Amino acid sequence: MKSDLYAAINQIASERNISREAILRGIEDAIITAYRRIAGTDQNVAVKLDLQSGDARVFERRTVALEVEDHSTEVSLEEARSTNPEAQVGDMLEKETTPADFGRIAAQTAKQVVMQRIREAERDRVVGEFSDREGDIVLANLQRQDQNGNWILEVGRAEAILQPKDQVKSERYRSGTRMRVLLLEVLQKSQKGPQLIVSRSDRSFLKRLFELEVPEIHSGAVEIKSIARESGMRSKVAVAARQANVDPVGSCVGMKGQRIQKIVDELSGEKIDVVLWDPDMSVYIANALSPAQVLSVDLNEEHKTASVLVPERMLSLAIGKEGQNARLAAKLTGWRIDIKSALIEESEEIDDDELARRAVELLRAEAASNGHLETENGYEAADAEPEMQVEHAGAEVEAEA
C-alpha cells in the first residue's frame, strides 16, 4: 500500500473510468469503519491518508463546548485550550488516536474498499450510460453461449444477455460476430450487477431499423401504424403519411428497393411486406392481405370480424404458407379474418388490371356504407391475437393466431 497506493488509485480511476475522489472517499470511509470496530467506539473520527507514503492517521473529532453533555462528541473549552490556546466554543478539536500497527489494517481495508468501489462505480456507470437508452439499437460483440442457451454479448464495457426467447431461430450466432441488437431493459437488481437484456426478435427491433434506414420515418413525415412479426420468417408493417405529397410505402421501400433491402439483410433475409394503412378498416384489411388481391371485405363491428372475398386463384396467396399471410394480417389489424374464395367464369377473361379495378370499386362502395373506423397507434392492435378462420369449398380450416 505504501509505495503503490497512489499509482494503483490512478490506474484504477483511469482504466475503470471512476473518479479518483470517489475511490479515496471509499477508502477513508472504510478505514473509519475499521477503526471504530477495533476501538469499540462510535466517536466522530476523521482519517487523513497520505498517498505518497500510504500512511493512514486517525483523528478523533470533538466539538468545543462550555458545558460538556457527551464526552464522546464534546470537549470543554478549558481542555481544548490546553491543546490549542486559540480554541473557541463551537470549534472542532482533532486529536490523533491512530492505533499501533494500524497501517497493516488500513492496507487490507483499502484493498477491500477499492474492489467494492470498483464494482459499485461500474454498476452506476452501466446504469447511467444505458438506462435512458432502453428501446434503442446498440452494437454488440458476441462472446460466448452459456449452458442455458443465453448468448453473452459485449456492449462497450458492459455485458448484455441475449436470451433464447429473444433470439431468431433461423439465425446462426458465432463468437466474435458483431451485430445490432435492441436494448430491452437494464436490470439493476442482479447478483452479478446490472445486466443489459437485448433482443433481435422483438418487433420494436424492426421498428427501430425502419427509423434508422428511412429518413421520412425519423423526421415524422411517415408514421409506422402497426407491426406484425414472426421473427426470421416474415413481417408486415403498416405505414401512413403525415405530410401531403409523401408516398409512405415508396419511402420505406426506397429507390430500387435499396432501403428495405438493407433491413432485410440485417434480419438475415426475413421477408417484409410494407402496406398502406387506411382509416377505413375494409381498405386496411384488404391492404394487409397483400400481395393477394381482394374482391370485397364485409365487416362485423360488434364481433370485430371481417369476411374477405378473394378470387379462387388468389386463395392460397391470401392464406399464405401454413396460414402465415392471413395470420400476420390479423395481428396487424387486430381483427379476426375469414377468407372465402369466389369462382370467376373463365369465359369472362378478366385480366389482373380489371380484377384490381373491380376490387377497388367494391371496397369504395363498402367504405361508403360502413363508414370509417377511427384508430390510434396501431401498436395496440398488433398486440392482439385475434382468432382467424379460412373457409374453402364449404370446409373451415382454423389457423392459430
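Predicted model: local features only at pLDDT ≥ 70, side-chain atom pairs only at ≥ 80, totals over all residues.
Local features were taken at pLDDT of at least 70 and side-chain atom pairs at pLDDT 80 or more, while totals for chains, interfaces and linings use all residues. Residues are numbered from 1 along each chain as its sequence is written, and side-chain values use heavy atoms, with hydrogens and water left out.

Side chains of opposite charge can pair when their charged atoms come close. A search of the whole structure finds 17 salt bridges (a side-chain nitrogen of Lys or Arg within 4 Å of a carboxyl oxygen of Asp or Glu). One of them joins Arg-200 to Glu-171, with the closest N and O atoms 2.7 Å apart. This pair links distant parts of the chain, 29 residues apart. Arg-200 sits in the loop between strand S9 (195-199) and helix H5 (203-213). Glu-171 sits in the loop between strand S7 (158-162) and strand S8 (178-187). Helices (H or I, at least four residues) and strands (E, at least two) are DSSP runs, numbered from the N terminus. Arg-200 is buried, at 3% relative accessible area. Glu-171 is buried too, at 9%. Buried means under 20% relative accessible area, exposed over 50%, and partly exposed in between (1.4 Å probe, protein chains only).

In a further salt bridge, Arg-259 meets Glu-216, with 2.8 Å between the closest N and O atoms. Arg-259 belongs to helix H8 (residues 258-266) and Glu-216 to helix H6 (residues 215-219), so the pair ties together parts 43 residues apart in sequence. Arg-259 is partly exposed, at 24% relative accessibility. Glu-216 is likewise partly exposed, with a relative accessible area of 22%.

Asp-273 pairs with Arg-234, the closest N and O atoms being 2.6 Å apart. Asp-273 lies in strand S12 (residues 271-276) and Arg-234 in strand S11 (residues 234-241), 39 residues apart. Both Asp-273 and Arg-234 are buried. Salt bridges with shared partners also join Glu-171, Arg-180, Arg-200, Glu-213 and Glu-266 into one network.

Strands S11 and S12 belong to an open sheet of three strands, in the order S10-S11-S12, with mixed pairing. Two strands pair if DSSP finds at least two bridges between them. Strand S10 (222-230) and S12 stand at the edges with a single partner strand each, so one side of each has no neighbour in the sheet. Neighbouring strands are turned by 20° against each other on average, direction ignored (axes are lines fitted to C-alpha atoms, for helices over the stretch in contact; angles run from 0 to 180 degrees between N-to-C directions). S10 and S11 pair in the antiparallel sense over eight bridges. Lys-236 in S11 is the bridge partner of Ala-228.

Strand S6 (residues 151-155) has four of its five residues buried, so the strand is largely enclosed by the rest of the structure. Four bridges join S6 to strand S5 (residues 137-145), and the two run antiparallel. Leu-142 stands opposite Leu-153 in S6. S5 and S6 form a hairpin with five residues between them, and Gly-149 in the turn has a positive phi of about 90°. S6 also runs antiparallel to S7, joined by five bridges. In this hairpin, two residues separate the strands, and Gly-156 in the turn has a positive phi of about 65°.

The largest nonpolar core has 30 residues (buried Ala, Val, Leu, Ile, Met, Phe, Trp, Tyr and Cys residues joined through side-chain atoms within 4.5 Å). Ile-285, Val-297, Val-308, Val-310 and Ile-339 touch the most other members. Elements that each supply at least two residues include S11, helix H9 (281-288) and strand S15 (336-342). Another core, of 20 residues, lies apart, with Ile-224, Ile-263, Ile-272 and Val-274 among them.
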